[in-house]
Amino acid sequence: MKNIGVMLDWKVLQLALAGKQTYERLSYYKLIGEKLGLEPIFFHPCQANLKTREVRGLVLVRGRLVRKKVKIPRVIHNRVLEGNPRTKQIIRKLGTIGRVYNGLVVRNKWKVYRLLHSNPALRPHLPISRTYTWNGLMDLLNHYQVVYLKPVIGSVGQGVVRIERSGPAFLWTSSSIQQKPFLRSAFRQQVGKWVGNRRFLIQQGIKLALYKGRTFDIRVSIQKNGKRLWSVSGMVAKLANRYNKLSNLAQGGSAEKLDTVLLSLFSEAEVRKIKLDIAKVGILIAKQLELTSPSLADIGIDMGIDLEGNPYLIEVNVRDQRYSFFKAGELGMFRKTYQTPLEYGKSLLECRPISQPLLHAHSLDDDESPSL
C-alpha cells in the first residue's frame, strides 16, 4: 500500500475522532483507497513537521481512527476549507516537498469572473457581473428585474442577497430576511448596512427554469481522473428554499435527482443535450481556472438553465462538500466524487506520463464549501 495524504479541517478530524459523522466520509477514502492500493493518511496541516518531514496523522483500522506517524506523503489531496494564514503557509510549504492537489487556489469571485470572461467561448454562459458600487447596482437594476449581491469571498450562500424591482420598491431576500420591500432611500441604507466595509459583487439575475414553482441550480462535480483529464463525476439538482430563494443546503435548499427535474420540463432528447452542454461548459470552466491554479483537480460548479435549457454559471466551489449527491439519493455519484480524486492521486504517485488534454465528458448518467 502506498500512502496518500488527505488534509482535512481540524474540526472534521475532531468530530471523526469522537465518532460523529461530517460531510467528509472517511470510510469512503479507506474503502476506495484499498481497491486502488492506497492507504489514506488523514491529517490537518498543523500536524505536519516540516523539519523532520513527518506527519502525525490518522488511519482507519477496522472502522476506528488510529494515530500514526509517517513520512509526509509524496501526494496529498487538500480538502481544507479554513483560511487561517498559518495553515495556508504550511500548505504552501508542503507543496514544495511533494504534490498537493487542490492546493491554494483563487477564491475571489471578481478575479475568477475576469479570468473566465477572458475566454470568448465562456462569455455567453456568464451572468453580467461587476464589483459593487451604489451606482453600479442601480444601473444593473435598471436593466434587469433581479440582481444578486454576493460577497467577493464567501461560502454556502452566506451574505448573498436577491434584489428584485417591484414598482417603486426593491424586494430584499436573504438567509435572514424573507422578501422585505424597501423604498429607494431605505433601500440604500439597507445596502450600505449590509455591505459595510466588505467587498461585494453584483450579478445579473438570469430568468431560470422552475421546477414545481421553485428555482433550482445544478451542482456539477468536475474532477481530474486517473488519466489526469477533467471529467464529470455527477450532476444533481438543488432546489431553492421557498423563503430565502437560496439553493444552498446550508440555507434550507433541498436536493433532487437531476433527471427527475429535467424530464418534467424537457423531452428525453433535450435532456441529453442539456446535460452534455452543461458538462462541456463545466469542463471549459475547469480548464480556464487551471491556467492560474495549476493544482486544481476537484471542483463543484453550480449552473442554472434558462427556459430553453441554456446553461449559465452561478458559482464555483473549490472545496465541494459533495453532500448534495447524498441528499438526492445519488449514492453512485456520491461515491464517485471520492473515487475520482483518489484515482488522480494514484496517477501522480505512479508518475505516469501526462496524457494530452482533451475536452471530453463522460459518466453523466453514473453516478457544500467555500465558493469562488
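Author: The part to start with is an open sheet of 6 strands in the order 8-14-9-11-12-13, with antiparallel pairing. The model is predicted: local features need pLDDT of at least 70, side-chain atom pairs count only at pLDDT 80 or more, and totals for chains, interfaces and linings use all residues. Residues are numbered from 1 along each chain as its sequence is written, and side-chain values use heavy atoms, with hydrogens and water left out.

Strands (E, at least two residues) and helices (H or I, at least four) are DSSP runs numbered from the N terminus. Two strands count as paired if DSSP finds at least two bridges between them. The edges of the sheet are strand 8 (129-131) and strand 13 (180-182); each has a single partner strand, so one side of each is left without a neighbour in the sheet. On average, neighbouring strands of this sheet are turned by 25 degrees against each other, direction ignored. Such angles are taken between axes, which are lines fitted to C-alpha atoms, for helices over the stretch in contact; they run from 0 to 180 degrees between N-to-C directions.

Strand 9 (residues 146-151) is mostly covered, with 6 of its 6 residues buried. Here buried means under 20% relative accessible area, exposed means over 50%, and partly exposed lies in between (1.4 Å probe, protein chains only). Both faces of strand 9 are covered: V146, Y148 and K150 are buried on one side, V147, L149 and P151 on the other. With strand 11 (residues 161-166), strand 9 pairs in the antiparallel sense over 4 bridges, and V147 stands opposite I163 there. With strand 14 (residues 200-204), strand 9 has an antiparallel pairing over 5 bridges; in strand 14, Q203 is opposite Y148.

The bridge partner of L171 in strand 13 is P181.

Helix 5 (residues 134-143) lies across strand 8, strand 9, strand 11, strand 12 and strand 14, and runs at about 10 degrees to strand 14. Helix 6 (residues 184-195) packs on the sheet and touches strand 9, strand 11, strand 12, strand 13 and strand 14, its direction making about 30 degrees with that of strand 12. Contact means heavy atoms within 4.5 Å.

Now the aromatic contacts. A search of the whole structure finds 14 aromatic pairs. Rings of Phe, Tyr and Trp (its six-membered ring) pair if their centres lie within 6.5 Å; planes under 30 degrees apart count as stacked, over 60 as edge-to-face and the rest as tilted. Y101 and Y344 form an edge-to-face pair, 5.1 Å centre to centre with 85 degrees between the planes. This pair links distant parts of the chain, since Y101 is in strand 7 (residues 99-101) and Y344 in helix 10 (residues 331-350), 243 residues apart. Y101 is buried at 2% relative accessible area, and Y344 is buried at 5%.

F326 and F334 form a tilted pair, 5.3 Å centre to centre with 55 degrees between the planes. F326 is partly exposed at 31%, whereas F334 is buried at 0%. Ring pairs link Y28, Y29, F42, Y323, F326, F334 and Y338 into a cluster. The charged end of R25 sits over the ring of F326, 4.8 Å from its centre, and that of R322 over the ring of Y338, 4.6 Å from its centre. A charge sits over a ring if NZ of Lys or CZ of Arg is within 6 Å of the ring centre and within 35 degrees of the ring normal.
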